[in-house]
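Student: I would like to go through this model and ask what lies behind each label.
Tutor: Go ahead, one label at a time.

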Amino acid sequence: MKEIISFDEPITKNDLFYLCYIIEKTARKIHQTNKYVVNTIGENELYRLICNASVLHCENPQKTVSDLIKDYNLVEGTFNISNVDKELCNKIPSETSIGKVYMRLITDTLQPEEDYIKGLIRVYNDSICETIDNYNCSAYYEPSYFIARAYFNGGF
């Protein structure tokens with residue numbers, strides 16, 4: 001996967017969404033948090049991935065996840081996103097849905113001096129992710145402006 005050549009195309013919100021989706025999908029596959037995946041891949045490689053998102057989205061997502069796990073030596077953990085109270089959460093949101101939640105949070109809280117990757121790293125390293133990823137509560141289901149306000153206020 002590392003040999004994909006970047007095209008000099010502008011990076012779009014769709015590229016950011018794809019990267020958030022792949023981070024979510026990878027984290028679920030190896031039972032780790034999104035923060036672990038983001039920090040293990042690292043800033044430079046996240047830039048490379050987002051620059052190649054328009055090409056990578058044509059690949060099978062399972063292959064992309066497998067390549068990330070292998071290329072960045074991501075290890076199996078014990079964090080199970082589906083470990084929820086069935087009374088409170090009868091359906092786990094899809095990787096696509098959560099990718100959109102994070103893409104919106106990143107774009108809604110992007111600082112003037114930040115690009116998408118700096119914003120992504122900032123958001124995924126914030127404690128608000130623990131609440132968003134706890135499907136026993138409804139934080140992930142809230143409107144994006146409410147999640148952004150909670151982020152700026154330090155929590156829900």
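Student: Where does Gln32 lie?
Tutor: Gln32 lies in the loop that links helix 1 to helix 2. Keep in mind that this is a predicted model.

Student: Why is Gln32 called buried?
Tutor: Its relative accessibility is 15%. Buried means under 20%, so Gln32 counts as buried.

Student: Which residues is Gln32 in contact with, leaving aside neighbours within four places in sequence?
Tutor: Ala27, Val75, Glu76, Gly77 and Phe79 are in contact with Gln32 on that count.

Student: His31 is in the loop between helix 1 and helix 2 as well. Is it buried, partly exposed or exposed, and why?
Tutor: Partly exposed, because its relative accessibility is 28%, and that class runs between the 20% limit for buried and the 50% limit for exposed.

Student: What makes the backbone of His31 worth a remark?
Tutor: His31 is not a glycine, yet its phi is positive, about 55 degrees. Asn73 is likewise not a glycine and has a positive phi, of about 50 degrees.

Student: Where is Asn73, and why is it called exposed?
Tutor: Asn73 sits in the loop between helix 5 (61-71) and helix 6, and follows helix 5. Exposed means over 50%; Asn73 has 61% relative accessibility, so the label applies.

Student: What is found at the start of helix 5?
Tutor: There a side-chain oxygen of Asn60 comes within 2.7 Å of the backbone nitrogen of Gln62. The limit for a polar contact is 3.5 Å between N or O atoms.

Student: Which residues of helix 5 are buried, and what covers them?
Tutor: The buried ones are Thr64, Val65, Asp67, Leu68 and Ile69. Their cover includes helix 1, helix 2, helix 3 (43-51) and helix 4 (53-56).

Student: How do you know that helix 1 meets helix 7?
Tutor: From the residues in contact: Lys13, Leu16, Leu19, Cys20 and Ile23 of helix 1 meet Tyr116, Ile117, Leu120 and Tyr124 of helix 7. By class, this contact has eight nonpolar residues, no polar ones and one charged.

Student: What describes the packing of two helices in general?
Tutor: The angle between their axes, together with the distance between those axes. For helix 1 (residues 13-30) and helix 7 (residues 116-124), the axes come within 11 Å and cross at roughly 35 degrees. The crossing is right-handed.

Student: Which members of the largest nonpolar core touch the most other members?
Tutor: Leu46, Leu120 and Tyr124, out of 46 residues in that core. Helix 1 gives the most to this core, with ten residues.

Student: What does Leu46 touch, not counting residues up to four places away in sequence?
Tutor: Leu46 touches Leu19, Ile23, Val38, Ile41, Ile117, Leu120 and Ile121.

Student: Why does Glu114 count as buried?
Tutor: At 16% relative accessibility it is under the 20% cut-off, and therefore Glu114 is classed as buried. Glu114 is in the loop between helix 6 (95-109) and helix 7.

Student: What does the side chain of Glu114 reach?
Tutor: The backbone nitrogen of Gln111, at 3.0 Å. Apart from neighbours within four places in sequence, Glu114 is in contact with Thr109, Gly119 and Arg122.

Student: Why is Tyr135 called buried?
Tutor: Its relative accessible area is 1%, and buried means under 20%, so Tyr135 is buried. Tyr135 is found in the loop between helix 8 (128-132) and helix 9 (144-153).

Student: What makes the pair Tyr135 and Arg28 a polar contact?
Tutor: Their side chains are joined at 3.2 Å, and the limit is 3.5 Å. Leaving aside neighbours within four places in sequence, the residues in contact with Tyr135 include Arg28, Glu24, Ile81, Val84 and Tyr140.

Student: How far apart are Tyr135 and Val84 in sequence and in space?
Tutor: They are 51 residues apart in sequence and 6.6 Å apart in space, C-alpha to C-alpha.

Student: Why is Asn153 called exposed?
Tutor: Its relative accessibility is 61%, and exposed means over 50%, so Asn153 counts as exposed. The residue is in helix 9.

Terms used. Residues are numbered from 1 along each chain as its sequence is written. This is a predicted model: local features need pLDDT of at least 70, side-chain atom pairs count only at pLDDT 80 or more; totals for chains, interfaces and linings use all residues. Side-chain values use heavy atoms; hydrogens and water are left out. Axes are lines fitted to C-alpha atoms, for helices over the stretch in contact, and angles run from 0 to 180 degrees between N-to-C directions. Helices (H or I, at least four residues) and strands (E, at least two) are DSSP runs, numbered from the N terminus. A crossing is left-handed if the near helix is turned anticlockwise from the far one by less than a right angle, and right-handed if clockwise. Contact means heavy atoms within 4.5 Å. Ala, Val, Leu, Ile, Met, Phe, Trp, Tyr, Cys and Pro count as nonpolar, Asp, Glu, Lys and Arg as charged, and the others, Gly among them, as polar. A nonpolar core is a set of buried Ala, Val, Leu, Ile, Met, Phe, Trp, Tyr and Cys residues joined through side-chain atoms within 4.5 Å. Buried means under 20% relative accessible area, exposed over 50%, partly exposed in between (1.4 Å probe, protein chains only). A polar contact is a pair of N or O atoms within 3.5 Å; within protein, one must be able to donate a hydrogen and the other to accept it, and residues adjacent in sequence count only if both atoms are side-chain atoms.
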